[in-house]
Amino acid sequence: MDKGYSHNENCCQDAVSYHNLGLTYYNLREKEKALENLNRAIILNPKYAYAYGSRGTVYKDKGEKEKALVDLRKAADLFLQQNNTAYREQILEIIKQLVE
């Protein structure tokens, strides 16, 4: 930890890295690898709303509606807690599409 980061900062940075890697795999249509990396991001930072939203999107694309809804609702709740209304609205639209 010579870089001046606390343990929590390292975890959050690693969570961002795993999230980005998960998005890369998702864009390459490698959904299982995407999920592995998004899971790691969430383990490292359980309040990382973007990771829940991304994992929910992967589950949605895999046809796993219930898992998608759990993650997307979690993302919406976290975005609300973090006062990120723009992304919360996007997530709520995806949820709306899934439940119709």
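These legends describe close-up views of a predicted model.

Local features need pLDDT of at least 70 and side-chain atom pairs count only at pLDDT 80 or more, while totals for chains, interfaces and linings use all residues. Residues are numbered from 1 along each chain as its sequence is written, and side-chain values use heavy atoms, with hydrogens and water left out.

View 1. From the N terminus on, the elements run α-α-α-α-α. Helices (H or I, at least four residues) and strands (E, at least two) are DSSP runs, numbered from the N terminus. Of the 100 residues in the chain, 33% are buried. Buried means under 20% relative accessible area, exposed means over 50%, and partly exposed lies in between (1.4 Å probe, protein chains only). Contact means heavy atoms within 4.5 Å. Among contacts between residues at least 6 apart in sequence, 47% join residues at least 24 apart.

**View 2. Helix H3 packs against helix H4.** H3 covers residues 49-61 and H4 covers residues 65-81. Their axes are 8 Å apart, at an angle of about 160°. H3 is therefore roughly antiparallel to H4. Axes are lines fitted to C-alpha atoms, for helices over the stretch in contact, and angles run from 0 to 180 degrees between N-to-C directions. Angles under 35 degrees count as roughly parallel, over 145 as roughly antiparallel, 65 to 115 as roughly perpendicular, and the rest as oblique. The crossing of H3 and H4 is left-handed: the near helix is turned anticlockwise from the far one by less than a right angle (clockwise would be right-handed).

**View 3. Residues of H3 meet residues of H4.** The H3 side includes Ala-49, Tyr-50, Tyr-52, Gly-53 and Arg-55. The H4 side includes Asp-71, Leu-72, Lys-74, Leu-78 and Phe-79. By class, the contact of H3 with H4 has nine nonpolar, three polar and five charged residues. Ala, Val, Leu, Ile, Met, Phe, Trp, Tyr, Cys and Pro count as nonpolar, Asp, Glu, Lys and Arg as charged, and the others, Gly among them, as polar.

**View 4. Ring pairs link Tyr-48, Tyr-50, Phe-79 and Tyr-87 into a cluster.** The structure holds four aromatic pairs. Rings of Phe, Tyr and Trp (its six-membered ring) pair if their centres lie within 6.5 Å; planes under 30 degrees apart count as stacked, over 60 as edge-to-face, and the rest as tilted. Tyr-48 and Tyr-50 are edge-to-face, at 6.2 Å centre to centre with 70° between the planes. Tyr-48 is buried at 12% relative accessible area, whereas Tyr-50 is partly exposed at 33%. The rings of Phe-79 and Tyr-87 have centres 5.7 Å apart and planes at 25°, so this pair is stacked. Phe-79 is buried at 2%; Tyr-87 is partly exposed at 38%.

**View 5. His-19 sits in helix H1.** H1 covers residues 7-27. His-19 is buried, with a relative accessible area of 6%. Leaving aside neighbours within four places in sequence, His-19 is in contact with Leu-38, Ala-41, Tyr-48, Tyr-50, Ala-51 and Ser-54.

**View 6. Pro-46 is found in the loop between H2 and H3.** H2 spans 31-44. Pro-46 counts as partly exposed, at 45% relative accessibility. Not counting residues up to four places away in sequence, Pro-46 touches Tyr-52, Lys-74 and Leu-78. The C-alpha atoms of Pro-46 and Ala-15 are separated by 9.3 Å, and these residues are 31 apart along the chain.
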